[in-house]
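Morning, everyone. Let me put the structure up, and then I'll walk you through it.

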Amino acid sequence: MISYRLKFPFQHPLIDITRLKTVDYYIKKLYGSEKCPNNLKIYFMTNEELVLLLLACSFGAGLLGSLSGLGGGMIIVPLLTLGLGVDIHYAIGASLVTVIATSTGSSVAYVREGYSNIRVGLLLETATCLGALGGVILGTHLPAHLLFLLFGAVLTYCAISSFFNNGIETQAVESDTIATIFKLDSTYPVNGALSRYHVQHVPLGYAIMILAGALSGILGIGSGAFKVIALDRVMQIPFKVSTTTSNFMMGVTAAVSAAVYFNLGYLDPVLIMPIIFGVVFGSIVGARLLPKMRIKLLRRIFASMLLLIAIQMIYSGL
Amino acid sequence: MNTTDSKKEQMEITLSNILRGGLILSMLCLGIGAIIFLWQSGSQPENLEIIVGEHNHLNSLQIVLRSIISGDSYAILQLGIIILILTPVLRVATCLWMFCLQRDLLYILVSSVVLLILLTSLFINANFGGQ
């Protein structure tokens with residue numbers, strides 16, 4: 001297995017960042033099996049340029065992730081693999097650590113304000129963590145092209161489903177037996193007063209969470225879209241509680257996978273450091289901008305962009 | 001406000017503080033590491049070492065701590081990443097402790113299961129000898 005990490009030679013200092021092919025040329029040149037074409041000039045970035053480039057790119061990814069509501073992880077992996085030619089396992093590792101950082105950062109406020117349901121979070125974390133453990137063991141053994149295909153498919157699904165994002169909310173008035181045993185019903189603040197809600201269909205929600213955890217482990221995404229489906233549509237938890245609880249769970253789920261990637265040596269600090277700062281800063285700016293924007297139009301534009309990225313991912317996997 | 005609500009609030013504030021502490025500590029390490037890294041080797045070209053089946057050697061806490069003492073900026077960055085990964089683990093451990101205080105048997109069990117999976121992943125080497 002050949003992994004080239006942090007090697008971003010340019011074809012030309014000013015023009016485009018190399019694709020996988022040119023790195024392959026370089027490998028062949030080094031190992032002497034094929035001659036490097038004469039017109040190919042390879043320029044190596046300094047560490048400063050590398051950090052700045054990653055910082056700028058991941059700021060954009062964080063901004064896009066926060067404005068589209070899909071999270072930075074969905075964009076970081078295609079950015080690193082398609083854009084910068086990083087080995088997909090290193091890209092997934094970097095994305096996982098970023099997911100922990102953004103989840104922890106936003107949970108600080110959401111948990112304190114009483115939106116996240118800690119009991120629901122903990123109960124479902126048993127599902128997502130188990131899924132993530134299975135997923136990460138599978139993911140580290142899958143060949144790269146399968147990961148590209150799967151990532152493309154999941155990204156396509158998320159992009160299409162955000163087109164049809166209708167905010168119909170159904171709320172149950174009666175308690176469910178399993179929810180009562182696990183004391184899941186709780187309250188959350190609405191306009192200054194506490195509003196009570198009842199959790200429904202726990203087993204189905206639990207099953208979807210195992211799947212969401214597995215996808216998170218395989219692809220290094222937060223899989224917030226799937227978690228919100230389970231919490232919001234199936235378990236009929238209010239939207240604001242669903243998104244914040246999903247966010248709360250994401251950190252623990254990603255920590256399971258990130259620990260395995262760490263042990264395998266796939267976490268590269270020089271790659272990850274600028275990405276964390278960029279994505280965290282990008283999502284803070286995104287959250288500030290969000291109320292001032294025309295959400296519907298914005299969502300449509302981002303969804304179309306994501307669809308293009310998804311097609312590119314699938315194409316690279318074929 | 002009744003007792004269960006005040007208990008809920010108490011727990012939320014503690015958990016929020018733990019998450020904030022972990023995040024600040026980790027960002028501090030990453031920030032300091034970044035400054036030292038750019039100071040020492042900012043203008044050097046990114047090394048071209050094409051790695052064949054070789055991974056980051058800084059993959060255990062002992063190695064990272066030993067490297068920090070010898071002044072390796074990579075290791076300070078890596079410590080920041082370790083703290084970030086351990087923050088959710090500490091959060092779950094705190095949940096377990098708080099449910100112990102409340103004598104909530106069911107949730108002691110639930111948080112123990114989550115903690116067990118987390119600890120398994122911290123010590124697992126998913127490579128299974130293959131490479």
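Start with how chain A is connected. Residues 24 or more positions apart account for 77% of its contacts with a separation of 6 or more. A contact here means two C-beta atoms, placed from the backbone, within 7 Å.

Some ground rules. This is a predicted model, where local features need pLDDT of at least 70, side-chain atom pairs count only at pLDDT 80 or more, and totals for chains, interfaces and linings use all residues. Residues are numbered from 1 along each chain as its sequence is written, while chains are lettered from A and ligands numbered from 1 in the order in which they are written.

Confidence next. pLDDT is the predictor's confidence in each residue, from 0 to 100. For chain A the mean is 79, with 83% of residues at 70 or more. Residues 1-22 of chain A have pLDDT below 50, and that stretch has 54 contacts in the model beyond near neighbours in sequence. Residues 36-42 of chain A also stay under 50, with 10 contacts beyond four places in sequence. Where pLDDT is low, the predicted coordinates should not be read in detail.

Now the secondary structure. Chain A has 12 helices and three strands. These are DSSP runs numbered from the N terminus: H or I with at least four residues for helices, E with at least two for strands.

Two helices to look at. The expected span of a helix is 1.5 Å times one less than its number of residues. Helix α2 of chain A, residues 47-68, has 22 residues and should span 32 Å; its end C-alpha atoms are 31 Å apart, which agrees. Just after α2(A), Gly69(A) takes a positive phi of about 80°. Helix α6 of chain A, residues 144-163, has 20 residues and reaches 29 Å from first C-alpha to last, close to the expected 28 Å.

Burial. A residue is buried if 20 or more other C-beta atoms lie within 10 Å of its own, exposed if 12 or fewer, and partly exposed in between, with C-beta atoms placed from the backbone. Of the 318 residues of chain A, 53% count as buried. In α6(A), the buried residues include Leu147(A), Phe148(A), Phe151(A) and Leu155(A).

Leu155(A) comes back in the core. A nonpolar core is a set of buried Ala, Val, Leu, Ile, Met, Phe, Trp, Tyr and Cys residues joined through C-beta atoms within 7 Å. The largest one has 127 residues, and those with the most contacts inside it include Leu155(A), Val97(A), Ile276(A) and Ile85(B). Helix α3 of chain B, residues 73-101, gives the most to this core, with 15 residues.

Which residues does Ile85(B) contact, leaving aside neighbours within four places in sequence? They are Ile100(A), Ala255(A), Ala258(A), Ala259(A) and Phe262(A).

Leu30(B) also has contacts in chain A. Leu30(B) lies in helix α1 of chain B, residues 3-41. It is buried, with 26 other C-beta atoms within 10 Å. Beyond four places in sequence, Leu30(B) is in contact with Met273(A), Ile276(A), Leu77(B) and Gly80(B).

Then Ser112(B), in helix α4 of chain B, residues 105-123. Why does Ser112(B) count as partly exposed? Because Ser112(B) has 17 C-beta neighbours inside 10 Å. Its C-alpha is 8.4 Å from that of Val92(B), 20 residues apart along the chain.

On to the strands. Strands pair if DSSP finds at least two bridges between them. In chain A, β2 (residues 186-190) and β3 (residues 193-197) pair in the antiparallel sense over five bridges. Tyr188(A) has Ser195(A) as its bridge partner, and Val190(A) has Ala193(A). The hairpin has two residues between the strands, and there Asn191(A) takes a positive phi near 50°.

Last, more backbone angles. Most residues other than glycine have a negative phi. Lys183(A) has a positive one, near 50°. Lys183(A) is in the loop between α7 (177-181) and β2 of chain A, and counts as partly exposed with 15 C-beta neighbours inside 10 Å. Gln236(A) has a positive phi too, near 55°. Its loop runs between α9 (224-234) and α10 (239-263) of chain A. With 19 C-beta neighbours inside 10 Å, Gln236(A) is also partly exposed.
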